[in-house]
Amino acid sequence: MDACVKSATLSGVDGRVLEVTAAAEPGLPGFEQHGMHGWGLGQRAERAWSAVTASGLPWPRSKITVTVAPDWLPKHDTAVDLAMTVAVLAADCTVPAHNAAGIMYYAGLGTDGRLTPVPGVLPAAVEAATAGCRALVVAAENAAEARLVPGVPVIGASCLGEVTRWLCGGPAPEVTVPRPPARSAAGDMSDIRGNRTACLAAEVSAAGGLHLSLSGPPGSGMTLLASRIRGLLPLLDEATALEVTAVHSAAGVLDPAAPLVTVPPFCAPHHGAGPADLAGGWESGMLRPGAASLAHRGALFLDQAPEFDSETLEVLRSPAETGTITPEKSASHGHRAPLPARFILITASAPCQCLALRTDLVPCTCAPTARGRYAARLSGPLRDRVSLRAVMTPPQPGRAGEPAEATAVIAARVAAARERAALRLAGTPWRVNAEISRDELLRRFMPGGGGWEPIERAISLGMVSDFAAADALRVAWTFADLNGHPTPTRGDCAAALGLRMGEIR
């Protein structure tokens with residue numbers, strides 16, 4: 001007898017439906033698999049056998065052939081375990097095949113029969129709803145995440161026995177919804193003293209989604225300021241929250257008690273991270289998002305950026321402009337899929353390596369050529385994609401400086417600026433000024449009334465390139481949004497040029 005059920009796999013952060021078919025045929029008992037690849041084939045069959053027997057169910061005494069289609073899609077090593085096991089039991093008539101059909105099963109299976117959570121449940125739930133599945137069966141730990149998607153009933157089970165009893169007409173398993181953990185209060189912008197230009201650059205960065213470069217000696221507050229920018233960003237709307245949650249689901253880093261990501265993420269990888277840590281890579285047969293994707297719709301902070309390997313930094317050149325990243329395929333995985341990576345890049349760097357590796361305030365003794373080599377670790381093309389530059393200074397003894405405005409005050413201005421930008425960009429694919437292409441900026445958003453004059457003069461004097469001038473215009477529109485101007489004024493463009501060139505102190 002043949003039985004067919006559904007499962008899912010991931011292509012990037014998108015779900016794809018799998019058809020899992022099991023056939024019980026006369027002959028010597030055996031287990032044969034098609035459509036699954038990798039070193040875990042034998043282990044998968046052993047897990048299924050152990051889970052069935054541990055659940056008190058009979059294992060088929062016939063030849064079992066399982067096919068997972070389509071063959072060309074990569075599959076997670078364990079996410080199809082439950083679907084394969086249910087298909088085998090349905091083919092052997094242990095559970096009614098007509099009850100098992102039309103349902104998506106997306107969970108791992110332990111040798112003791114427990115259902116184990118797997119990454120990518122949210123994209124799988126979206127695909128189950130789109131495909132019109134009658135229900136989605138997941139591990140109990142993944143049930144809250146799956147229920148974020150309307151349109152498909154979710155069954156959260158703790159073990160294989162609960163699933164088979166439900167398929168045989170018993171009650172659906174009940175899942176206790178965990179209470180979300182209490183969230184710790186984030187720090188405030190008022191913790192920063194002095195450095196008014198850097199605080200202004202952070203506000204402009206948050207309002208326009210623009211990349212920001214901070215530089216200064218140890219103790220100047222670069223890390224503190226970078227961590228506070230997250231609080232300036234508006235909370236994610238429903239559609240964006242699901243988009244970000246799907247990325248974190250594919251990476252397997254969601255909190256089961258509070259799976260929906262509503263706060264813009266902040267990701268700060270260590271400078272020892274490699275290209276795959278930022279871009280993503282293959283793990284257990286699936287493509288796992290890296291730090292660039294985990295920072296999607298939030299901020300990616302590179303502390304002491306020149307200490308990162310140059311190959312790692314170059315991974316960010318494309319996503320810093322396009323908002324997507326495509327990890328390199330490995331020798332064993334020919335499938336490639338783009339991952340979302342629309343983040344605000346924030347870099348912090350000391351003027352030289354000797355200061356970067358110290359925490360004291362002893363003056364630098366590096367030669368100018370050594371400083372130049374250290375700064376050049378960030379390539380020109382990557383630096384060109386950074387719209388804002390600010391130099392920070394450590395507080396002087398007895399002269400700490402005035403505290404910055406409170407986060408709530410600045411965040412209100414940022415939200416108002418983003419609303420003005422959204423009205424202007426309505427009907428376009430862009431949400432914030434950072435997403436507008438350079439060609440479209442110069443074609444559709446040139447300021448009038450002499451506003452362009454400061455940037456035009458800088459071009460004629462050779463102070464900025466055409467690339468930098470277009471970027472300065474992007475910053476100028478953000479200043480206009482913050483100041484409530486319908487179009488960038490001369491003052492907006494002058495201020496934008498100063499922050500773009502890092503000349504405002």
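**Aromatic cluster, sheet and cores**

Let me begin with Trp-430, Phe-445 and Trp-477, which form one aromatic cluster, and let me say at once that this is a predicted model. The count of aromatic pairs comes to four. In the pair of Phe-445 and Trp-477, the ring centres are 5.9 Å apart and the planes stand at 85°, which is over 60, so the pair is edge-to-face. Because Phe-445 lies in the loop between helix H18 (438-444) and helix H19 (453-460), while Trp-477 lies in helix H20 (residues 466-483), the pair ties together parts that are 32 residues apart in sequence. Both Phe-445 and Trp-477 are buried.

Turning to the sheet, five strands form an open arrangement in the order E11-E14-E17-E10-E18, with parallel pairing. Its edge strands, each pairing on one side only, are E11 (266-267) and E18 (388-391). Strand E10 (residues 212-215) pairs with E18 in the parallel sense over four bridges, and Ser-215 has Val-391 in E18 as its bridge partner.

Which residues have the most contacts inside the largest nonpolar core? They are Val-204, Leu-214, Leu-225 and Ile-346, in a core of 52 residues, to which H20 gives the most, with nine residues. Leaving aside residues up to four places away in sequence, Val-204 touches Leu-210, Leu-388, Val-475, Thr-478, Phe-479, Leu-482 and Leu-499. Apart from this core lies another, of 50 residues, with Val-13, Ala-124, Ala-125 and Trp-282 among them.

Terms used
Residues are numbered from 1 along each chain as its sequence is written. This is a predicted model: local features need pLDDT of at least 70, side-chain atom pairs count only at pLDDT 80 or more; totals for chains, interfaces and linings use all residues. Side-chain values use heavy atoms; hydrogens and water are left out. Two strands pair if DSSP finds at least two bridges between them. Helices (H or I, at least four residues) and strands (E, at least two) are DSSP runs, numbered from the N terminus. Rings of Phe, Tyr and Trp (its six-membered ring) pair if their centres lie within 6.5 Å; planes under 30 degrees apart count as stacked, over 60 as edge-to-face and the rest as tilted. Buried means under 20% relative accessible area, exposed over 50%, partly exposed in between (1.4 Å probe, protein chains only). A nonpolar core is a set of buried Ala, Val, Leu, Ile, Met, Phe, Trp, Tyr and Cys residues joined through side-chain atoms within 4.5 Å. Contact means heavy atoms within 4.5 Å.
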